[in-house]
Amino acid sequence: MTDLVIGADGLARCAWGSSTPDYAIYHDTEWGRPLHGDDALYERMTLEAFQSGLSWLTILRKRPAFRLAFDEFHLSTVARYDDADVTRLLADAGIVRNRAKIEAAIANARAALELPEGLSALLWSFAPEPRPARPASFAELAPITPESTAMAKALKKRGFRFVGPTTAYALMQATGMVDDHIVGCHVTVPPAA
């Protein structure tokens with residue numbers, strides 16, 4: 001499989017983005033587009049953490065259930081969750097029922113509310129300078145970068161859990177902090193603001 005595929009719609013896209021209709025929509029409308037806002041970035045951070053060890057497609061297909069279970073990922077609401085909420089989430093078959101990840105999501109909401117600058121500002125402070133050109137292949141990309149390592153360390157220092165360097169880089173890719181679409185991909189990513 002090459003890293004760039006022409007879809008049935010005639011559009012060139014990153015190969016992973018053509019593998020299922022769910023991926024095509026996500027690839028074309030969300031992945032790599034700059035995302036700002038504390039709640040929005042908290043949602044993506046949480047979903048990336050839940051994805052650890054699983055397929056992103058699993059998480060993507062469960063995202064509506066996650067949004068319902070986690071009150072649309074409103075930081076102030078999730079930060080108030082207690083043991084009864086953990087029990088409720090562990091019983092919810094619509095999401096990934098992993099106690100450590102559920103407890104991390106709650107702890108991360110609380111940690112995010114403690115950030116004087118806010119979660120969005122902190123995360124975006126680790127965005128690297130844009131590269132001069134898109135990568136020619138996914139082989140050019142490393143799953144961990146100095147920036148994702150620094151982000152993970154800064155988050156851990158502030159009490160965040162389940163956000164190591166690999167998860168941090170996946171978050172950077174998903175939220176447009178880096179543009180890892182392959183050269184020739186039809187998706188046009190607006191510059192990060």
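A polar contact is a pair of N or O atoms within 3.5 Å, of which, within protein, one must be able to donate a hydrogen and the other to accept it. The legends below refer to a predicted model.

**Figure 1. Polar contacts and salt bridges join domain 1 to domain 2****.** Eight residue pairs, with both members at pLDDT 80 or more, are in polar contact between domain 1 and domain 2. On the side of domain 1 that touches domain 2, α1 (21-29), α7 (119-124) and α9 (165-174) each contribute at least two residues. That side comprises 13 nonpolar, six polar and four charged residues. Three salt bridges are counted between the two domains. Arg44 forms a salt bridge with Glu30, with the closest N and O atoms 3.7 Å apart.

Figure 2. The domain assignment places residues 4-35 + 118-175 in domain 1 and residues 38-114 in domain 2. In the contact, domain 1 takes part with 23 residues and domain 2 with 22 residues. The area buried between domain 1 and domain 2 is about 2200 Å², and 66% of it lies on carbon and sulfur atoms. Leu119, Arg161 and Phe162 lose the most area on the domain 1 side, together 27% of what that side buries. The C-alpha centres of the two domains are 19 Å apart.

**Figure 3. A salt bridge between Asp28 and Arg13****.** The closest N and O atoms of this pair are 2.6 Å apart. Because Asp28 belongs to helix α1 and Arg13 to strand β2 (residues 12-14), the pair ties together parts that are 15 residues apart in sequence. Asp28 counts as buried at 17% relative accessibility, and Arg13 is likewise buried, at 4%. Salt bridges with shared partners join Asp9, Arg13 and Asp28 into one network.

**Figure 4. A salt bridge between Arg61 and Asp22****.** The closest N and O atoms of Arg61 and Asp22 lie 2.5 Å apart. Arg61 is located in helix α3 (residues 56-69) and Asp22 in helix α1, so the pair ties together parts that are 39 residues apart in sequence. Arg61 is exposed, at 51% relative accessibility, whereas Asp22 is partly exposed, with a relative accessible area of 32%.

**Figure 5. A salt bridge between Glu43 and Arg67****.** Here the closest N and O atoms are 2.7 Å apart. The pair links distant parts of the chain, with Glu43 in helix α2 (residues 38-51) and Arg67 in helix α3, 24 residues apart. Glu43 is buried, at 10% relative accessibility, while Arg67 is partly exposed, with a relative accessible area of 28%.

Terms used. Residues numbered from 1 in each chain as written. Predicted model: local features only at pLDDT ≥ 70, side-chain atom pairs only at ≥ 80, totals over all residues. Heavy atoms only, no water. Domains from an automatic or database assignment. Contact = heavy atoms within 4.5 Å. Buried area = accessible area lost by both parts, 1.4 Å probe. Salt bridge = Lys/Arg side-chain N within 4 Å of Asp/Glu carboxyl O. Polar contact = N/O pair within 3.5 Å; in protein donor to acceptor, adjacent residues only side chain to side chain. Helix = DSSP H or I, 4+ residues; strand = E, 2+ residues; numbered from the N terminus. Nonpolar A, V, L, I, M, F, W, Y, C, P; charged D, E, K, R; others polar. Buried < 20%, exposed > 50% of the residue type's maximum accessible area, 1.4 Å probe, protein only.
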